Amino acid sequence: MFLIFSLFLVFTACDLDDDDGVDEELPAITTAGLNTFGCLINGQVYVPKKGSFCLDCANTPKLQLTYGEIFEGYRFALWSHNDIDGYVSMTLELFNGLEPLTEGKYSLSQTILEGNDIPIANASCWINKKISGAIIESEFYSNENIGGVLEIIKIDEEKKFISGTFYFSAVDGNGRFDVTYKSF
């Protein structure tokens with residue numbers, strides 16, 4: 001089964017939402033660290049939201065971006081979650097070796113880290129939700145043959161946000177983001 005994603009990502013605070021997690025349209029594209037997120041899966045729009053039963057909302061983000069230098073080099077990790085009437089979780093992860101990210105395009109297929117033979121999917125999605133009228137209960141991952149592109153449009157290290165676009169296929173995605181980040 002193929003999914004098509006359009007994502008516009010932004011870091012948002014945890015709050016209780018009383019709707020079904022479906023919006024009419026994606027948030028506008030921005031490059032100012034405005035912390036908004038939207039996701040189109042098979043034509044249906046989602047935003048990161050917590051259900052009404054949220055035990056520890058202050059410590060459980062709906063959207064999170066971490067970026068910085070760690071032991072194997074620079075890592076970009078973006079995670080989004082919606083748990084209204086089921087769940088959708090998406091991750092974009094990029095390992096850039098010893099060089100920091102710059103404005104430009106990066107592959108979202110898979111990475112094999114030095115000293116580790118296990119491939120890491122650069123894009124993945126977990127779904128257990130009714131989407132466009134059909135129940136989907138599956139996990140989707142990019143691999144060496146199926147991937148996409150992450151394009152960094154703006155990095156602001158002073159204000160700590162990254163904006164860009166991406167698309168990916170996972171055994172499938174398309175989108176944009178403008179997210180503040182935490183350093184590793």
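Predicted model: local features only at pLDDT ≥ 70, side-chain atom pairs only at ≥ 80, totals over all residues.
Figure 1. L150 touches F76, L94, G104, K105, Y106, L108, T165, F166 and F177, leaving aside residues up to four places away in sequence. L150 itself belongs to strand β13, which spans residues 148-156. With a relative accessibility of 0%, L150 counts as buried, because buried residues are those under 20% relative accessible area. The C-alpha atoms of L150 and L92 are separated by 8.7 Å, and these two residues lie 58 residues apart along the chain.

**Figure 2. The aromatic pair of Y67 and Y181.** The count of aromatic pairs comes to three. One of them joins Y67 and Y181, with 5.4 Å from centre to centre and 90° between the planes, an edge-to-face arrangement. Both Y67 and Y181 are buried. Together with Y74, the residues Y67 and Y181 form one aromatic cluster.

**Figure 3. The aromatic pair of W126 and Y141.** The ring centres of W126 and Y141 are 6.0 Å apart and the planes meet at 85°, so this pair is edge-to-face; the term applies to planes over 60 degrees apart. The pair links distant parts of the chain: W126 is in strand β11 (residues 123-131) and Y141 in strand β12 (residues 134-141), 15 residues apart. W126 has a relative accessible area of 25% and is therefore partly exposed.

Technical notes. Residues numbered from 1 in each chain as written. Heavy atoms only, no water. Phe/Tyr/Trp six-rings, centres within 6.5 Å; stacked < 30°, edge-to-face > 60°. Buried < 20%, exposed > 50% of the residue type's maximum accessible area, 1.4 Å probe, protein only. Helix = DSSP H or I, 4+ residues; strand = E, 2+ residues; numbered from the N terminus. Contact = heavy atoms within 4.5 Å.
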